[in-house]
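I set out to record what I looked up in this structure, entry by entry. The structure comes first and my notes follow.

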Amino acid sequence: MIRLEAVEVLAGERVVVHPTSLELAERSVALVGPNGSGKSTLLRLLNGLVLPSHGRVLVDGDEPEHALAAVRRRVGFVFTDPDAQLVMPTAVEDVALSLRRVGVPRGARDARARELLAAQGLAGLADRSVRELSSGQRQLLALTSVLATGPAVLVCDEPTTLLDLHHARRVADVLLAAPAQLVVATHDLALAARTERALWVQDGRVVRDGPAGDVVAAYRASEPG
Amino acid sequence: MSRRPGRGPRGLDAGAPLLGRHRPGTSALHRARPGPKLAGLAAVGLVAGLARAQAPAAPALALLAVLLLAVAAGALAAGLGVAYLAGQLRRLAAVLVLLGAVQWLTRGPLVAAAVLAGLVSCVWAAATVTGTTPVPVLLDAVVRALRPLRGLGVDPDRVGLALLLAVTSIPVVAGLLTDSRAAAAARGLPRDPRAVLVPTVLRTVAHAHAVSEALAARGLVDD
């Protein structure tokens, strides 16, 4: 369970997120809204990449401010651009790095990493340089590396924005099937509509909150053209 | 800007790691533990440095020639191949030519040969280590070697990760440089260093920030 209690985020004098209280208990939650509306900041609050100026965030009872390592063990994060997230030379090594973090013994990491890659249809890319992969393959790899740690919550910041239609669909399928609570900020309204609940974020405020189909339809109707 | 077909952009190869990718195999070097291999690499560097300092004395030149041949023989015995070794030189061709020319002009051809032989020995030795050892194994070895320094405040995981990032970021920065060159050429400023260097530096800093955020998010480092 994720809870935001009167959370406000300030950047100097500017209010990035106005005081917001939320409880996120659904299996999948989407955040929609224009660029600069505060979606990414709301996501970053969930694993301590941003700390609230006022109020508090609770992830299964832990505050990122006071139990950062515990929160990050529980909350996996996928970024828009996978390039910053992939730090090892090959695909299998990057997944193995995640397994190292969660204490998988050295001798078992390679085989386990290959199993995880195979489960995402990436077995043939295991020994390829991450720089040789397409954007879509890199995003799937970044997702596999995050899921390798077994997070209870999967937070994704516009994970399909840089992808072609085929890979956007594949990444969306993996996200929605992941064995974790999904919180995703996205401009991909098809993905948002497949979640259980959606929040429409505008100018640092949640202006609409409800079943994803309703919120996405209202947001779509508000867009010019 | 025209480019000959089949040729990549000049400069560092953004798609390849600087010191050669791991090539699975069953040679003695592949089976050897990473610690002795890293110690061997350090020894090559030490011998190359000491011998180069004595150049152009004949024993020093002979020692450098033997060192170069021994390193090459070791790489070939590990099955890395002539093309693999040549690839390391191709990436550094501009540096080698410039360094050799400066040494030749300032200190003569024998010293230039000694400097290049020492440098190439070190590059091939390093490429042999990375070619026969997966990066995670090297990372574990570095972390293990640094553990005794924990009492002095050294965080072995953090240092190991920093070294890893230093190596793996080279092709990323090379890619940013290539992109900036292309963007400058598209704006009609292919020879303006500001149009290439300023965006490269800014994007490198932005990339470093993004990597640090991603590492924190992956739980690999604390903020």
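The entries below run from the model as a whole to single residues.

**Conventions**

I noted that this is a predicted model, in which local features need pLDDT of at least 70 and side-chain atom pairs count only at pLDDT 80 or more, while totals for chains, interfaces and linings use all residues. I kept the numbering of residues from 1 along each chain as its sequence is written, with chains lettered from A and ligands numbered from 1 in the order in which they are written.

**Confidence**

I looked up the scores for the complex: the predictor gives an ipTM of 0.78 and a pTM of 0.77. For chain B I found a mean pLDDT of 84, with 90% of its residues at 70 or more; pLDDT is the predictor's confidence in each residue, from 0 to 100. Two residues are in contact if their C-beta atoms, placed from the backbone, lie within 7 Å. Where pLDDT is low, the predicted coordinates should not be read in detail.

**Chain B**

I asked how many helices and strands chain B has. The secondary structure comes to 9 helices and 0 strands; helices (H or I, at least four residues) and strands (E, at least two) are DSSP runs, numbered from the N terminus. The C-alpha atoms of chain B fill a box of roughly 55 × 50 × 35 Å along the principal axes. Of the 223 residues of chain B, 27% count as buried. I used the following cut-offs: a residue is buried if 20 or more other C-beta atoms lie within 10 Å of its own, exposed if 12 or fewer, and partly exposed in between, with C-beta atoms placed from the backbone. Among the contacts in chain B with a separation of 6 or more, 72% join residues 24 or more positions apart.

I then checked the division of chain B, which is into domain 1 (18–133) and domain 2 (134–223); the bounds come from an automatic or database domain assignment. The contact between them takes 7 residues from domain 1 of chain B and 9 residues from domain 2 of chain B. On the domain 1 side, these residues divide into 4 nonpolar, 3 polar and no charged. Here Ala, Val, Leu, Ile, Met, Phe, Trp, Tyr, Cys and Pro count as nonpolar, Asp, Glu, Lys and Arg as charged, and the others, Gly among them, as polar. The C-alpha centres of the two domains lie 25 Å apart.

**Contact between the chains**

I found 22 residues of chain A in contact with 23 residues of chain B. On the chain A side, helix 2 (68–74) and helix 3 (91–101) each supply at least two residues, and helix 3 of chain A gives the most, with 5 residues. The chain A side divides into 11 nonpolar, 4 polar and 7 charged residues.

**Strands of chain A**

Is strand 3 (residues 28–32) of chain A enclosed or exposed? I found 5 of its 5 residues buried, so strand 3 is largely enclosed by the rest of the structure. Ser28(A), Ala30(A) and Val32(A) are buried on one side, and Val29(A) and Leu31(A) on the other. Strand 3 of chain A runs parallel to strand 7 (residues 181–185) of chain A, joined by 4 bridges, and Val29(A) has Val183(A) as its bridge partner there. Strand 3 of chain A also runs parallel to strand 8 (residues 197–202) of chain A, again over 4 bridges; in strand 8 the partner of Val29(A) is Arg197(A). Two strands pair if DSSP finds at least two bridges between them.

I next looked up strand 1 (residues 2–11) and strand 2 (residues 14–24) of chain A, which pair in the antiparallel sense over 7 bridges. They form a hairpin with 2 residues between them, and Gly12(A) in the turn has a positive phi of about 65 degrees.

**Nonpolar cores**

The largest nonpolar core has 76 residues, and Ala30(A), Val32(A), Leu46(A), Val95(A), Val155(A) and Ala198(A) touch the most other members. Such a core is a set of buried Ala, Val, Leu, Ile, Met, Phe, Trp, Tyr and Cys residues joined through C-beta atoms within 7 Å. Apart from it lies another core of 27 residues, including Ala60(B) and Leu63(B).
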